[in-house]
Amino acid sequence: MKKIIVIILTSILLNNFAIANEVNVFSSRHYESDIELYKKFTNQTGIKVNVISGKDEALQKRIIEEGTNSKADLYITSDAGNIAIFDSKGMFQNSMSPTIEKLVPSNFRNKNWVGITKRARILFYSPERVVNDDLKNLNYEDLANPKWKGRIVIRQSNNIYNQSLIASLIFNNGKETTGEWAKSIVKNMARDPKGNDRAQILAVAAGEADIAIANTYYYALMLSGNKGLEQQIAAKKVLPFFPNQNNRGTHMNISGGGILKYAPNKGSAIKLIEFLLTKEAQQHLVNNTYEYPMIEGVEPHELLKKMGTKFKQDLTTDVASYGQYQSDALEIMLNAKWK
Amino acid sequence: MGKKFNFWYISSLLISIMVAIPIITVLGSFFESTGDYYTILKNTFLTDYIYNSIFLLLGVLFLTFIIGVGCAYVVSFYTFPGVNFFKWSLILSFAVPGYIYAYSLNAFFENYGTAFTILSNLFGEGNYNAHIPKFDGILGAIIAISFSLFAYVYVLTRASFHYQSQNLIELGKNLGFSKKKSFFKIILPSARPAIVAGLSLVAMETLSDFGSVSFFGVSTLTTGIYNAWISFDDLTLANRLSSYLLIFILGLFILENISRRKAQFHTSSKGGFKSKSLIKLNGYKSFFAFTFCLIIFLISFLFPVSQMLYWTIIFPQHLANLNVGKLFYNTILLVSLSSCLLIALAFISNYGNRVSKSKFLKILNIFSISGYAIPGIILAVAFITFISWFDNQIINHFEIKSIKPFFIGSILGLVLVYFIRFYSLANNGIKSGYEKINYSIDESAYLLGYSKFKTFKNVHIPYLKNSILLISILLTIEIIKELPITLILRPFNFETFATKAYLFASQDLLEAAAAPSLLLIVIASFFILITSRYTLKE
């Protein structure tokens with residue numbers, strides 16, 4: 001019995017009781033560099049940043065169930081659809097400040113949440129097997145063309161980045177058209193979807209396919225050499241291509257977050273968001289994660305610049321629509337037998 | 001009647017109820033109405049989920065059977081060079097969690113992976129990618145799970161062979177059987193209960209696996225439950241899937257229990273075991289036995305360890321950045337608190353069962369499979385849901401402070417859910433130890449005027465000292481490897497080796513995941529070595 005009492009007492013003591021000057025972050029971004037950034041914030045402001053990182057679904061479930069007792073102040077995730085859906089459940093509160101409104105383009109935020117970095121979901125092709133004529137004015141929509149049969153690789157339908165890409169297509173082209181498009185894409189796949197974005201790029205490098213659809217930072221990470229020489233060599237065998245340059249622009253997604261409805265430290269949370277949008281913090285983020293900066297006046301990483309910075313980003317599609325059409329996107333992919 | 005409801009009965013009852021909470025929560029929500037978010041899924045991929053689960057299960061059972069029984073057979077009946085080394089080194093695969101095995105498998109065989117590097121260094125530049133086999137998808141999951149779980153079959157089968165009262169091969173010889181015939185007609189049937197027990201454990205772990213299957217993108221019933229419940233709030237579908245899984249596992253549990261009973265019958269032969277003469281293998285037979293064991297050891301343990309070691313060496317900055325002391329402290333804190341609680345409560349419950357001799361308690365005890373029946377990730381969410389329901393319904397009525405902060409995101413909550421998850425392990429261990437203590441010993445103690453508590457403290461605990469040691473080490477290994485529960489229920493800024501490895505891996509930084517993975521394997525191996533030392537001595 002003594003043991004049990006000791007256990008209970010220890011646990012209670014170890015429990016995190018709210019300290020005045022702190023902010024609690026639930027994050028599905030698992031970058032070590034994010035933690036370093038939070039430390040910088042603490043050094044500047046004296047506000048301690050507590051972090052729990054995990055899978056989005058589990059973190060959201062926990063925040064919802066904790067309800068009014070939740071200690072979570074800020075929820076940060078790496079997909080606009082995720083944020084928008086959580087917002088539609090009424091889990092956020094007004095997260096805006098004049099500073100934030102001034103810094104962030106309006107399609108990357110709403111009053112309850114805000115984008116912190118950007119990433120593009122683009123094409124990676126084999127210059128040996130894809131000719132310039134094929135690439136001319138190429139749009140996501142054109143990948144449905146039968147000439148790509150057996151040449152495309154992309155990951156599974158349960159992947160959130162795919163769901164957001166397809167949601168953006170639904171927003172722009174309608175559900176029916178996109179449904180047909182998805183069916184054609186499945187026909188054009190070089191193999192059953194498997195692996196992460198990097199595995200798709202590797203498949204093109206290894207000659208399994210000619211075009212991969214993947215996020216920009218995966219490619220930059222391979223080029224950086226941080227994943228070893230072989231990955232660097234493989235990355236050099238494929239080239240990036242930014243689609244939809246003659247119309248709305250390339251599909252953009254965000255990492256971002258919002259202040260939770262029952263946040264005990266709202267003031268500190270706003271300060272943290274504003275800090276993440278400073279030049280210093282943005283530079284730190286893009287240098288370490290190979291994402292695109294959210295604010296003007298910050299240069300992306302050298303490797304991204306080499307991929308091309310002058311491309312046209314899609315600034316007309318409100319990223320909130322990724323949440324709005326997420327279930328339609330999944331439905332479309334499942335109906336197309338997209339694994 | 002009044003006498004029956006004493007301290008032991010009540011505590012035993014409470015423990016059983018507590019362990020049953022997640023099952024009750026899952027079944028209870030059957031009556032809640034939900035949306036039909038997943039109608040589309042039902043029309044498209046639901047059969048795939050079931051098919052994948054069955055295919056995965058059969059694949060893993062087949063592999064673990066061949067490897068586990070094969071290894072146990074060779075090291076138990078024959079001597080050949082290295083046999084004593086293989087006896088314990090084959091257990092080391094327990095130290096490698098399925099998800100870490102999956103990382104290694106993927107990293108080695110993927111396009112431009114480690115295999116490619118090795119080939120390029122040996123034979124120069126070339127297009128090797130097309131010729132390197134790809135172990136991913138369901139095949140990868142089967143391999144990762146099999147090699148991290150076969151030790152269950154190996155250990156139990158070996159123990160069964162070890163306790164045979166006579167040399168079965170000699171028996172076969174006397175009957176004029178060939179070696180092959182002896183194996184299939186005598187040896188295999190004699191160890192059947194142990195093999196079935198091992199395979200059922202493997203089956204339960206396979207069905208509730210989340211880490212490996214989600215890494216390889218294989219949709220099984222478990223990932224289906226996760227998606228239905230956690231992503232889409234469709235409790236109806238989640239529960240329907242859960243109940244398939246539950247029925248399946250309940251069947252396995254009953255099978256395992258029956259064979260355990262038989263196994264006891266087999267092993268309790270009175271003369272104990274006498275050391276039997278082992279058959280010495282010569283020539284190619286010896287070479288074959290040696291090679292077989294070596295290959296299994298290489299694939300199951302050395303392969304994942306080398307892959308992790310390789311990365312830790314070529315990317316040393318990741319190890320340098322790791323706060324090893326803190327991770328170690330957190331891991332050990334969880335391990336020690338949980339093992340103490342588990343063993344203490346398993347003891348109380350078993351003793352309660354013993355003194356009250358209640359049928360009701362025995363039946364309730366079946367719920368101790370709860371932890372096995374529900375995958376860790378589902379268990380953790382069920383726990384959060386339950387605490388939140390309890391808090392909203394009960395605590396709010398009394399207008400006292402919410403209990404949620406004490407249970408969700410605290411060490412206490414983590415320890416409690418570990419308790420539910422691993423109770424069956426602790427309970428079965430203590431139970432089998434208890435079954436060896438004759439009731440007459442209790443009677444004698446009472447005659448001597450011992451109270452029930454004194455009998456418990458002065459007679460039973462010393463008797464079961466060895467079982468306790470063994471179980472606590474097994475629990476330690478399991479908790480060190482545990483991932484999904486820790487991930488969702490831990491307090492702020494709290495990392496273990498497992499969560500650290502997972503978080504890096506999910507960011508596609510397997511190189512960085514290598515250092516915490518390697519340390520996790522080293523620590524778990526250390527405990528396994530103690531266990532095997534101890535069991536071999538026994």
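B:Tyr244 lies in helix α13 of chain B, where helices (H or I, at least four residues) are DSSP runs numbered from the N terminus. This is a predicted model, in which local features need pLDDT of at least 70 and side-chain atom pairs count only at pLDDT 80 or more. Residues are numbered from 1 along each chain as its sequence is written.

**Exercise 1.** Decide whether B:Tyr244 is buried, partly exposed or exposed.

Solution. Buried means under 20% relative accessible area, exposed over 50%, and partly exposed in between (1.4 Å probe, protein chains only). B:Tyr244 has 40% relative accessibility, so this residue counts as partly exposed.

**Exercise 2.** Classify the ring pair B:Tyr101 and B:Phe147, and state which helices the pair ties together.

Solution. Rings of Phe, Tyr and Trp (its six-membered ring) pair if their centres lie within 6.5 Å; planes under 30 degrees apart count as stacked, over 60 as edge-to-face and the rest as tilted. By this rule there are 41 aromatic pairs over all chains. For B:Tyr101 and B:Phe147 the centres are 6.0 Å apart and the planes are at 10 degrees, so the pair is stacked. B:Tyr101 is in helix α5 (residues 98-109) of chain B and B:Phe147 in helix α7 (residues 137-162) of chain B, so the pair ties together parts 46 residues apart in sequence.

Next comes accessibility. B:Tyr101, at 0% relative accessibility, counts as buried, and B:Phe147, at 8%, also counts as buried.

**Exercise 3.** Find the ring under B:Lys181.

Solution. A charge sits over a ring if NZ of Lys or CZ of Arg is within 6 Å of the ring centre and within 35 degrees of the ring normal. B:Lys181 lies over the face of B:Phe177, at 4.5 Å from the ring centre.

Key
Chains are lettered from A and ligands numbered from 1 in the order in which they are written. Side-chain values use heavy atoms; hydrogens and water are left out. Helices (H or I, at least four residues) and strands (E, at least two) are DSSP runs, numbered from the N terminus.
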